[in-house]
Amino acid sequence: MSKLFVASEVFHGAGTLSELKNLTGKKAIIVTGGQSMKKSGTLDRAISYLTEAGLETAVFDGVEEDPSSATSLRGAAVMTDFQPDWIIGLGGCSAIDAAKMMWVFYEYPDANFEAMTQPFNVPTLRQKAKFIAIPSTSGTGTETTGLAVITDREKGVKYPIVSYELTPDIAIVDGEICATMPAHITSNTGLDALTHCVEAYVSNIENNYADALSKGGLEIVFENLEEAVNNPTNINARQNMHDASFMGGLAFNNAWLGIVHSLSHQVGALYGVPHGASNAIFLPNVIRFNQTATTRYPDLAKLVGRDSAEGLAQEIEKLRAAVNNIGSLKAFGISKEDWQKNLDYMAQNALQDPCTGFNPRKPSLQDLKDLYNACYEGVIYEN
């Protein structure tokens, strides 16, 4: 028997932020990032809806990109003082992921972060609060996943915290919130959503629901991402990309991911390369690496007018270029000397990353180093 893991309630479509006024409870805390949600008016609208619902509201803002466990502990301390029964992650994936870990530490102040880096090792939640995710970017799918990516800054490692306990109780997928998202973030996050669709479809977990969602999400990305990048006020394209992000998230929440993410987590932690951008660099070459172990890539290739794994990789490279994304890690200003110095460390961490266990082809340490080097230079990986 299998179980489909999804947010308990999902509200999608332009204007669905207003569903907050229908909440029942006493207190809500909103966790958000910098100033974008404030400047766009989204934060104030959310507070207004919560006030209309009769909830006392607090805000924890300033969550940094690639949030740390230290930030999560600070937020949990605020929650301990405020005692909310609703926790709301509002903004990009960093804000939502941080809010998820704050939730854990709020309910379990003595929880061991190191222990939770092992898959499915988060304690039972919802003892004090429930969780709402409201994304402002269209890529991670964190609004429907049991995943939070938290960075250990001392070690320079991103840890994917994996547990179905982290799946939100409510997801609000409102494309209007994305209208002010800059073009480069639209591009990065859209390619992240695409990566989720591809990796979930070829993972070593068979799931008919994830397969259908992966295919549907991939088609939507190819049909809408360029428009969303070039015409940011097109709310239809924005909503379509938001839906594709959710679909990709729901797909990988039930079939999980592969080594694109294992590789990407390391360069994000060490070099600050945006996650969607690094995924888009690794994805075509990982397809070339995996094609000897799965026959599933041609299914996806047919959706974009091709018939092979190589054809799919090439179409992804074309889309990456069309939305002005970079094709090599070297182009981010990483020196060859520094890259080689960290190569073994990155490859070893990638090998141990939880996502590696779901990849269709089991890689060796040398395989990962070869993939890293090909993607650093921006050249085609040769099997």
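Good morning. Helices α6 (183-202), α7 and α8 (235-255) each contribute at least two residues to the lining of the largest cavity. Helices here are DSSP runs of H or I with at least four residues, and strands are runs of E with at least two, numbered from the N terminus. A cavity is a set of points on a 1 Å grid over the protein atoms alone where a 1.4 Å probe fits but cannot get out; a pocket is an open set with protein on both sides within 12 Å along at least five of seven lines, and lining residues have an atom within 4 Å of a point.

This is a predicted model, in which local features need pLDDT of at least 70 and side-chain atom pairs count only at pLDDT 80 or more, while totals for chains, interfaces and linings use all residues. Residues are numbered from 1 along each chain as its sequence is written, and side-chain values use heavy atoms, without hydrogens and water.

The search of the whole structure finds 1 cavity of 30 Å³ or more. The largest cavity holds about 40 Å³, a volume being the space filled by probe spheres set on the points, which are joined across faces, edges and corners. Among its lining residues are Ser138, Met181, Arg238 and Met241. Helix α6 gives the largest share of that lining, 3 residues.

I turn to the second largest pocket, with about 260 Å³ of space. Of its 14 lining residues, Tyr159, Asn349, Gln352, Asp353 and Pro354 are the closest to its centre. Strand β7 (157-162) and helix α13 (336-352) each give two or more lining residues, and the largest share, 4 residues, comes from β7.

Finally, Tyr209 lies in helix α7 (residues 208-230).
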